[in-house]
Amino acid sequence: MIKTISSILRPSFVLMLISLCCVAHSQAEVISRIAAVVNDEIITTSQLDEQMKAQPRDAAVPREQVLQNMITDILMEQRAAEIGIGVSEEDIDMAVADVERQNGITTAQLEQALVAQGMSMREYREQLRNQILRFKLTGIEVKSKADVTRHEIESYYNEHQDEYRQPARMRLSRISLPLKVEGKETYAQAEEMRQSLEDGRSIEDILDRFPSSLGAEGGDMGYFKPGELSPMFNEALEGLEEGDVTDILQSDGVLHILRVEESSPGRTPPLEEVMDKITEQLRQEKMEQELNKWRKDLRENAYIELRLYSGNRQ
């Protein structure tokens with residue numbers, strides 16, 4: 001159970017706290033009101049406005065959601081303080097340096113990029129501080145509950161083998177030449193090329209042996225799964241293995257000859273080949289579930305009053 005002060009924070013105490021705050025800041029009452037009470041802390045409308053302004057222009061969220069995010073941040077900060085977790089300036093410096101290193105930029109360039117998004121370096125460092133605090137806190141409170149067992153991995157693998165199955169595929173090469181008026185002569189040249197392909201000669205070597213006036217061309221076609229080519233090609237390739245050559249095929253006045261350079265039957269990789277991927281996926285799913293449950297517990301064991309919108313306790 002998360003320890004809170006909700007048991008001793010009576011409504012009368014909250015009202016007294018709010019009253020004292022209002023008296024102390026009576027001159028600023030017009031521009032700053034209490035947006036929410038979170039245990040023994042308050043969020044003012046001025047603080048909320050600052051958070052609204054600090055949002056990246058391309059990722060802004062509604063005002064009420066920003067307030068909810070601020071409440072979550074405070075709850076996490078309170079919990080972190082309770083169990084003795086903090087974020088030092090050195091932690092933030094290291095995070096900034098890591099961002100600069102990964103993006104290959106200087107501090108000045110980072111500041112320029114932040115300005116372009118409407119954010120100052122101070123605001124960015126505060127954002128990093130919150131991220132680091134969340135990472136440390138969830139690592140202690142949540143990560144240990146997201147361990148994945150061998151049984152879970154095997155069960156997922158057995159139920160999702162189709163997702164990991166690698167389909168059959170062929171790597172093809174081809175030679176194509178236009179069918180000219182002298183059809184028999186062109187077919188004879190095409191048959192000579194076909195025989196050279198069966199002998200294992202390279203496409204480049206075969207093309208070099210014929211005059212350019214023939215108009216022959218070709219090369220590597222890449223990888224194809226069964227059924228991806230035209231019906232004529234699919235039928236000609238059916239049953240062929242690596243190194244086999246098709247008959248001469250004619251389509252739209254052009255002769256084609258295909259050779260199977262590589263042929264790979266479909267296979268399902270063994271569990272050992274995909275274990276790391278499955279483990280990470282299951283761990284992330286568990287982390288998300290445990291994190292949502294942990295956040296819910298934080299709120300349920302805290303005193304939260306939204307004054308800006310409903311004035312009701314959550």
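Sorted by class, the residues lining the largest pocket come to 10 nonpolar, nine polar and nine charged. Here nonpolar takes in Ala, Val, Leu, Ile, Met, Phe, Trp, Tyr, Cys and Pro, charged takes in Asp, Glu, Lys and Arg, and polar covers the others, with Gly among them. Before going on, note that this is a predicted model, where local features need pLDDT of at least 70 and side-chain atom pairs count only at pLDDT 80 or more, while totals for chains, interfaces and linings use all residues. Residues are numbered from 1 along each chain as its sequence is written, and side-chain values use heavy atoms, with hydrogens and water left out.

Back to that pocket. The largest pocket has a volume of about 930 Å³. Of its 28 lining residues, Gln51, Met70, Asp73, Glu126 and Asn130 are the closest to the centre. Two or more lining residues come from each of strand E2 (41–44), helix H2 (45–53), helix H3 (63–83) and helix H6 (121–141). A pocket, on a 1 Å grid over the protein atoms alone, is an open set of points with protein on both sides within 12 Å along at least five of seven lines, and a lining residue has an atom within 4 Å of a point. The volume is the space filled by probe spheres set on the points, which are joined across faces, edges and corners. Helices (H or I, at least four residues) and strands (E, at least two) are DSSP runs, numbered from the N terminus.

Now for the salt bridges (a side-chain nitrogen of Lys or Arg within 4 Å of a carboxyl oxygen of Asp or Glu). The count is 25. In one of them, Arg63 meets Asp49 at 2.8 Å, N to O. Arg63 sits in helix H3 and Asp49 in helix H2, so this pair ties together parts 14 residues apart in sequence. Arg63 is partly exposed at 29% relative accessible area, and Asp49 is partly exposed too, at 28%; partly exposed lies between buried (under 20%) and exposed (over 50%), using a 1.4 Å probe and protein chains only.

Helix H3 also holds Glu82 and Arg79, three residues apart, or about one turn of the helix. Their closest N and O atoms are 3.4 Å apart in a salt bridge. Glu82 is partly exposed at 36%, whereas Arg79 is buried at 13%.

Glu262 and Arg171 form another salt bridge, at 3.0 Å between the closest N and O atoms. This one links distant parts of the chain, with Glu262 in strand E6 (residues 254–264) and Arg171 in strand E3 (residues 169–178), 91 residues apart.

How values were computed: On a 1 Å grid over the protein atoms alone, a cavity is a set of points where a 1.4 Å probe fits but cannot get out, and a pocket is an open set with protein on both sides within 12 Å along at least five of seven lines; lining residues have an atom within 4 Å of a point.
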